[in-house]
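Q: Hi, I'm new to this one. Can you walk me through it?
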Amino acid sequence: QVHLVESGGDLVQPGESLRLSCAASGSVASIETMGWHRQAPGKQRELVALVNIDGRPHYADSVKGRFTISKDPKNTLNLQMNSLKPEDAAVYYCTATDWHNMNYWGQGTQVTVSS
């Protein structure tokens, strides 16, 4: 089992920044990849960013150039979010996939962007 706990969600105004963090515990040695998903009201959950097995980041087009994903190997995951827009408002979920293709999700952290 892998346990994921997100933190850092807050209420911010458009143009401001937030940094989300995810702490992984449990069978962290089994983690292959980690990433962030989000779900906005009335929308389906979508992939925001992930770290590939070779360490290269991948971003959704909607956040490219504004968000930066980084990780400490198999332990913590971070998402630096700059120039936030109202459409970025969502519950953000830390995710992990292990070597047996088992997926894990955190409980989520709320990001609200409003003027």
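Q: Threonine 95 first: does it count as buried or exposed?
A: Threonine 95 counts as buried, at 7% relative accessibility. Buried means under 20% relative accessible area, exposed over 50% and partly exposed in between, using a 1.4 Å probe and protein chains only. This is a predicted model, where local features need pLDDT of at least 70, side-chain atom pairs count only at pLDDT 80 or more, and totals for chains, interfaces and linings use all residues. Residues are numbered from 1 along each chain as its sequence is written, and side-chain values use heavy atoms, with hydrogens and water left out.

Q: Which strand does threonine 95 lie in?
A: Threonine 95 lies in strand 9, residues 90-98. Strands (E, at least two residues) and helices (H or I, at least four) are DSSP runs, numbered from the N terminus.

Q: And what does its side chain make a polar contact with?
A: The side chain of histidine 37, at 3.4 Å. A polar contact is a pair of N or O atoms within 3.5 Å; within protein, one must be able to donate a hydrogen and the other to accept it, and residues adjacent in sequence count only if both atoms are side-chain atoms.

Q: Which residues is threonine 95 in contact with, leaving aside neighbours within four places in sequence?
A: Among them are Leu4, Trp36, His37 and Tyr104. Contact means heavy atoms within 4.5 Å.

Q: Switching topic, how many helices and strands does the chain have?
A: The chain has zero helices and 11 strands.

Q: How much of the chain is buried?
A: Of its 115 residues, 39% count as buried.

Q: What does the C-alpha trace span?
A: About 40 × 25 × 20 Å along its principal axes.
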